[in-house]
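This report describes selected contacts in one protein model. Please examine the sequence and the structure shown below before reading on.

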Amino acid sequence: MSVGDNDAVVVRPMEPDEFAAMRQLSIAAFGGDPIIGDLLDLLHESWAWDDQLSFVAARDGELIGHVLYTHAFLDAPSRLEDVLVLSPIGVRPDLQRQGVGTELISSTLPVLSQRSEPLVFLEGHPTYYPRFGFRGATDLGFIAPSTRIPRNAFMTFPLPRYEPSMTGTLIYPDAFWRTDAVGLRP
């Protein structure tokens, strides 16, 4: 993938010693919002974090983007299912809208298809994420974890282990609730 001066962008798992740089990049990507830093800190310290699910985009060794998938639960009728949540995704402000976010998602979803989780969920823009294969989660029988999540923003990406009989309520990791990073706020 190329952006800017046609310099190659490499998407790869984040190295553990890159957390601070990724955190700083993510805060900048969200206009300096400190909640993003708090969310990342709490997720990083929690059961939901998996080093293999934190991906960065780098150009010339410098981090320019990040996408995080964390573990969550689907409260399905027969049992709890381990599922993934895509959040947050961020790109350095001067490189936004140049394809870095698209490359992060396009490069990482195939990696996730090799794992055992059946689904990836997100809250996102309803015209952006369908291009990657995300579908309306409510239409597939899933219940959002909060009434503040607009129906058309609650989406899921079925992975190979998904079965149409899987339904239920998505349960976010505690970090999303502690930072109030769920749903829309006025």
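## Aspartate 41 and its surroundings

Leaving out residues up to four places away in sequence, aspartate 41 touches Phe19 and Arg23, where contact means heavy atoms within 4.5 Å. Aspartate 41 has its place in helix H2. Helices (H or I, at least four residues) and strands (E, at least two) are DSSP runs, numbered from the N terminus. With a relative accessible area of 22%, aspartate 41 is partly exposed; buried means under 20% relative accessible area, exposed over 50%, and partly exposed in between (1.4 Å probe, protein chains only). The C-alpha atoms of aspartate 41 and alanine 175 are separated by 8.6 Å, and these two residues are 134 residues apart along the chain.

The model is predicted, so local features need pLDDT of at least 70 and side-chain atom pairs count only at pLDDT 80 or more, while totals for chains, interfaces and linings use all residues. Residues are numbered from 1 along each chain as its sequence is written, and side-chain values use heavy atoms, with hydrogens and water left out.

## The packing of H1 and H2

Two packed helices are described by the angle between their axes and the distance between the axes. Helix H1 covers residues 19-29 and helix H2 covers residues 34-44. Their axes come within 8 Å and cross at roughly 145°. Axes are lines fitted to C-alpha atoms, for helices over the stretch in contact, and angles run from 0 to 180 degrees between N-to-C directions. H1 passes H2 in a right-handed crossing; a crossing is right-handed if the near helix is turned clockwise from the far one by less than a right angle, and left-handed if anticlockwise.

Which residues of H1 and H2 meet? From H1 come Phe19, Met22, Arg23, Ser26 and Ile27, and from H2 come Ile36, Gly37, Asp38, Leu40, Asp41 and His44. The residues of this contact divide into five nonpolar, three polar and three charged. Here Ala, Val, Leu, Ile, Met, Phe, Trp, Tyr, Cys and Pro count as nonpolar, Asp, Glu, Lys and Arg as charged, and the others, Gly among them, as polar.

## Aromatic pairs

A pair of aromatic rings is described by the distance of the centres and the angle of the planes. Rings of Phe, Tyr and Trp (its six-membered ring) pair if their centres lie within 6.5 Å; planes under 30 degrees apart count as stacked, over 60 as edge-to-face and the rest as tilted. By this rule, the count is twelve aromatic pairs. One of them joins phenylalanine 19 and tryptophan 49 edge-to-face, at 5.9 Å centre to centre and with 75° between the planes. This pair links distant parts of the chain, 30 residues apart: phenylalanine 19 is in helix H1, and tryptophan 49 is in the loop between H2 and strand S4 (54-59). Phenylalanine 19 is buried at a relative accessible area of 12%, and tryptophan 49 is buried at 11%.

Phenylalanine 121 and phenylalanine 154 form a stacked pair, with 5.7 Å between centres and 15° between the planes. Phenylalanine 121 lies in strand S7 (residues 119-123) and phenylalanine 154 in strand S10 (residues 154-158), so this pair ties together parts that are 33 residues apart in sequence. Phenylalanine 121 and phenylalanine 154 are both buried. One aromatic cluster is formed by Tyr128, Tyr129, Phe132, Phe134 and Phe157.

## Salt bridges

Side chains of opposite charge can pair when their charged atoms come close. The structure holds eleven salt bridges, each being a side-chain nitrogen of Lys or Arg within 4 Å of a carboxyl oxygen of Asp or Glu. Glutamate 81 forms one with arginine 79, the closest N and O atoms being 2.7 Å apart. Glutamate 81 is buried, with a relative accessible area of 5%, whereas arginine 79 is partly exposed at 44%.

Arginine 151 and aspartate 139 also meet in a salt bridge (2.7 Å, N to O). Arginine 151 belongs to the loop between strand S9 (142-143) and S10, and aspartate 139 to the loop between strand S8 (135-136) and S9, twelve residues apart. Arginine 151 is exposed at 54% relative accessibility, and aspartate 139 is exposed at 59%.
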